[in-house]
Amino acid sequence: MSVEFQLNGNPVAVRGDHPHLLAALRDELDITSPKDGCSPSGQCGCCTVLVDGKAIVSCQQSLAKTEGKAVTTLEGVGADERAAFANAFSACGGLQCGFCIPGIVMRAKAQIDKKGADLQPADMARHLGAHLCRCTGYVKILEAIDAVAKGKEFEPALATTVGGSGAKYEAGELALGDRDYVDDMRVPGTLHAALHLTAHVRAEILSIDTAAAAAAPGVVAVFTAADIPGELRVGIIHKDWPVMIPIGGCTSYGGDVLAVVVAETRQQAREAAALVEVGYDVMDPVTDPVAAMEEGSPIAVWGTGDNVLSVSEYARGDVDAALAASAHTVHEVFRTQRIEHAFLEPESTLAVPSVIDGERHLQVYSGGQGVWDDRDDIARVLAVGNDAVTVTLVSNGGAFGGKEDMSNQAHAALAAWLLDRPVKCTLSREESLLIHAKRHPIRLEYWAGCDADGRLTALRVRGVGDSGAYASVGMKVLERAAGHSSGPYHLPTIDVRTVAVRTNNPICGAFRGFGANQAQFAMEGVIDRLAEMVGIDGWEMRKRNVIHPGEVWGPGQIMDDGCGGAEVCLDAIKPHYDAARDAGKAIGLGLGLKNSGLGNGFRELCRAVVRFRSDGVVEVRHGWTEMGQGVHTVALQVAAQELGIDPDRIEVIVDTTRELGFGQTTGSRGTLMAAGSVRDACIAARAGGCQPDVDYVGEHLVDWTQHLGDPDHPNPTIHSAFGYATQLVIIDRDSGDVERVVAVHDVGKAVNPVLCEGQIEGSVHMGLGYALTEDFPSDASGMPTNMTLRSLGILRAKDVPQIDVQLVEVPQPKSPYGIKGVGEIGLVPTAPAVAAALRDLDGEWRTSLPMRPKFSADD
Ligand code: FES
Ligand code: FES
């Protein structure tokens, strides 16, 4: 049975068995501007189209209801209108990863069609209630829509210099949904893979019966761990994460995969995956990280021998004596929650086999954050040499750290390799929530003291982080929490110990801030409590303790001139702080720092290539993941400035064919490392006369950091660069709502100030959610309970207060152009500033996040 309707003015007929209109558009008609962020739940808005002129989420629209209607997607919008939206979003910096934007544009079009120039931003913000954007904080989205409604015309251009506020690279294509994400890519003959996940977080697998799945319509093959030709386990640091759990093995968390079902269509694969039957011997899960550390606790994770994943510790001076001699002391336990990245694009991998020079080869298209790690692990799983696999990076629809580990890359690769056919595996939202790593919940116990003038004397910290089942980068997150546990303050004595613990809860790993958020929520809380004891305000307390160049920072590092940015931020926010207090508002301040780069003794080397093609195009090749943060734009602006050429001549290419050695796009290192290596490549090109078709290679090397707590270095330089920020949260005393956030950020050098501002606005949005409403709990079974986007507690557009960003530029020594990185520091000060403002509002100290949970598992 087919269903007929008008699509962009043309009659079409589609199969009637699609689960919703979005599937018919994307899977049968190859209309890819509507994106699939959560189908069929209708909670992200990415799939919005017009049906008879009305904006609807197409994953909630049945085909029966579409019969005879007129459907409009961005592909069918007139050229002038498309250009108006593309130009406005480009010029206003209204997008980052871009995944949410086509749906938002269609919603905006429907409103502008109705109200024209009378459309008010506040009304538009309400209409965006059906949409989520995880990147931007909505500020610049609303500006762009307002500009289109008012008929403002823009001619966006790429910036020509480092420091210029030009458009984001590919912004126009992203706004219109014309730039492919992995799931938008089409390769003839592609099969679709779906995963069968475990029903229990800790159970021995007694049997896996694939017969019913294999016999289901359209199914081509069903694979289990028994079909893996090479290594079973993968992982960025520890190889402890099984690609699938074999019979006789044990599951360790709710995202464990038991079978991969491959079928002609995605729908068939997903339906058949549900038919796999598994026999379990269920064991009690280990869900309490503190109990998991105790002697005699069951081992949580199959194949490991200890629930303690890592210990990070360091100490200087006699903390006990300093606390005893302090005029004021605080002892408090803080608890932060697990939260979900909620990037809008669920993970998708396309694997395409071929034969090159007589040898089998596998091309894998991935939106991951570390293609070389992925390549090496896929080759190990397939038992082939690294040369047999190329992983091509496809700019993704948001990541925030959540795409560092492999999710479905090995499964798609395995199926494609064994079947010798292209295979795509795209996770559903529920699978995405179950599989990828989250932000660590950490219990942080703080003891701190200060003298009568409020000068810090001592700090002791004990932290326990629930790292979930597999290692991911959990030990590094707890190491970073330890390193940042004192905030940007000078401390004469300190004693810190943090432990990452394995449990059967959801895996925790990298997430924007990487442990610094949790630790500084606690430290800033301590600062505010001590300030009250001393009888000074929060600003003054910070001013008296902020780290200065040449002073010893908490972990012992003697800070360089870059750290002057912390005090500059503090001074810059003072007038806003005073004005808000004078206006009778409830106010709270947060001051934070976050490292850029890996540090801790890691040798970081990154290369880039500049190549002049004979057709006049200048290629800039690097290996970083563009996930909305703008690393392509950084590379382009550096090359345009250093080579003195028109940026329109430059093509930025993510090159995974040359061994450029860049590692994971993590730790706010992309901008800094890419800028350094591209600049170096440009210098080489200039020295070489910019000859055509020559690879001019540049590199940026950071090899002077030392390990946290390194006994050979009493004052280890654990990080080469830090970003600093102060945020002021202002709460209206009548409504109790956050009405404004002022964010002053020292970024060293803003490569593109508009994009930099957008990053910070998006961070503040994320930080407010972290502070107030976001949560990803798991229950006594170890399974997560908030399994929809709506239940995560992410703030919608109408809930976002005014955000005022002020950029400060205190250059980072030894960093290209003085860049410090901006991606992660953005939300470090937000939660403590909210906590302090709430204290000012109602007199209550907060110790746990989220502070105003709106959602529960029952919602
Ligand atoms: S994909 Fe339809 S609302 Fe998310
Ligand atoms: S730009 Fe909105 S989700 Fe990335």
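## Helix H6 and its surroundings

Directly after helix H6 comes Gly 151, which has a positive phi near 75 degrees. The model described here is a predicted one. Helix H6 spans residues 139-149 and is mostly covered, with eight of its eleven residues buried. These buried residues are Lys 140, Ile 141, Leu 142, Ala 144, Ile 145, Ala 147, Val 148 and Ala 149.

Which helices do the buried residues of H6 pack against? Their partners are H3 (79-92), H4 (101-115), H5 (121-127) and H21 (753-772).

Residues up to four places away in sequence are left out of the contacts given for Tyr 446. Among the residues that Tyr 446 touches are Val 330, His 331, Glu 332 and Phe 334, as well as Leu 459, Arg 460 and Val 461. Further contacts of Tyr 446 include Ser 485, Ala 519, Ala 522, Met 523 and Val 526.

## Thr 329 in strand E14

Strand E14 covers residues 328-335 and contains Thr 329. Is Thr 329 buried or partly exposed? Its relative accessibility is 42%, so Thr 329 counts as partly exposed.

Beyond its neighbours within four places in sequence, Thr 329 is in contact with Leu 323, Ala 448, Gly 449, Leu 530 and Met 533. Between Thr 329 and Glu 567 there are 24 Å from C-alpha to C-alpha, and the two are 238 residues apart in sequence.

## The chain as a whole

The chain contains 22 helices and 29 strands. For 859 residues, a compact globule would have a radius of gyration near 29 Å, and the 26 Å of the chain therefore agrees with such a form. Along the principal axes, the C-alpha atoms fill a box of roughly 80 × 65 × 65 Å.

Of the 859 residues, 65% are buried. Where contacts join residues at least 6 apart in sequence, 79% of them link residues at least 24 apart. The accessible surface of the chain is about 27,400 Å², and carbon and sulfur atoms account for 49% of this area. The chain has 75 positive and 112 negative charges, whose mean positions lie 3 Å apart.

Note on methods: Residues are numbered from 1 along each chain as its sequence is written. Chains are lettered from A and ligands numbered from 1 in the order in which they are written. This is a predicted model: local features need pLDDT of at least 70, side-chain atom pairs count only at pLDDT 80 or more; totals for chains, interfaces and linings use all residues. Side-chain values use heavy atoms; hydrogens and water are left out. Helices (H or I, at least four residues) and strands (E, at least two) are DSSP runs, numbered from the N terminus. The radius of gyration is taken over C-alpha atoms; the globule rule is 2.2 Å times the number of residues to the power 0.38. Buried means under 20% relative accessible area, exposed over 50%, partly exposed in between (1.4 Å probe, protein chains only). Contact means heavy atoms within 4.5 Å. Accessible areas come from the Shrake-Rupley method with a 1.4 Å probe; for residues, only the protein chains shown count as cover. Lys and Arg count as positive and Asp and Glu as negative; His and the chain ends are not counted. The place of a charge is taken as NZ of Lys, CZ of Arg, CG of Asp or CD of Glu.
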